Amino acid sequence: RYPQHCVALHINFCIALPGDWYAWVKALLALPTLSKTERDALWGTYYYLKYESAYLQIQATKPQSIGYGLNDSPVGLLAWILEKFQSWTDSKGMGPEAAGVSKDALLTNVMVYWVTQSITSSMRIYYETVGANPSGARPSLPQRYCPVPTGVLWSASELIKPPKKWAQLVYNVKYWSPQ
């Protein structure tokens, strides 16, 4: 909203939705020019959105319902968080420990939510930014162009992986760091 007050922006988990119909046309026309890596990344993004983002839909629409259940059941809370670590770490299906997440770290994460009873409040950000937030206002997606000089960390293991050309339609990309 106030780019004149921001020197630079660094992001990972780069969500780049073109802001108007013209930008969408440019994004679609860029599809044949994408590298194999970028095409594979788009398929990975599609897979994530189709098979791994149900948690987002639940937390964005009914955070209280799922939150009460998780606050009431330590086993349910452990299963919920373990599944996220399984999906979001680079474990290649072998479990979070294969990606360097120890059982102690996982249990510490679960205990923080359990002891503080804060899993429900931690889900509210999804509801307030994606779902129907209390003010009734909906988030402004697609995005408007951000003129702030932007650096993007683009990782093959990221959940959302837009092509660089798409990111450039939304951000003033000055640095693109593929990992």
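Reader: Which residues make the nonpolar surface patch of about 500 Å²?
Author: This is a predicted model, in which local features need pLDDT of at least 70 and side-chain atom pairs count only at pLDDT 80 or more, while totals for chains, interfaces and linings use all residues. Residues are numbered from 1 along each chain as its sequence is written, and side-chain values use heavy atoms, with hydrogens and water left out. Patches consist of residues with over 30% relative accessible area and no salt bridge, nonpolar side chains (Val, Leu, Ile, Met, Phe, Trp, Tyr) being joined within 5 Å and like charges within 9 Å; accessible areas come from the Shrake-Rupley method with a 1.4 Å probe, and for residues only the protein chains shown count as cover. The nonpolar patch is made by Trp21, Tyr22, Val25 and Leu29.

Reader: In which helix does Tyr22 lie?
Author: Helices are DSSP runs (H or I, at least four residues), numbered from the N terminus. The run that holds Tyr22 covers residues 21-30 and is helix α1.

Reader: How many disulfides does the structure hold?
Author: A disulfide requires a pair of cysteine sulfur atoms within 2.5 Å. The sulfur of Cys14 is 10 Å from the closest cysteine sulfur, in Cys146, and is therefore too far away for a bond. The number of disulfides is zero.

Reader: Is Cys14 buried or exposed?
Author: Buried means under 20% relative accessible area, exposed over 50%, and partly exposed in between (1.4 Å probe, protein chains only). Because its relative accessible area is 2%, Cys14 is buried.

Reader: Which side chain does that of Asn71 join in a polar contact of 3.3 Å?
Author: Asn71 lies in helix α4 (residues 63-72) and, at 14% relative accessibility, counts as buried. A polar contact is a pair of N or O atoms within 3.5 Å; within protein, one must be able to donate a hydrogen and the other to accept it, and residues adjacent in sequence count only if both atoms are side-chain atoms. The side chain joined to that of Asn71 belongs to Thr120.

Reader: What separates Asp40 and Lys36 in helix α2?
Author: The two side chains meet in a salt bridge (2.8 Å, N to O), a term for a side-chain nitrogen of Lys or Arg within 4 Å of a carboxyl oxygen of Asp or Glu. Asp40 is partly exposed at 40%, and Lys36 is exposed at 53%. Because they are four residues apart in helix α2 (residues 36-52), Asp40 and Lys36 are separated by about one helical turn.

Conventions: Helices (H or I, at least four residues) and strands (E, at least two) are DSSP runs, numbered from the N terminus.
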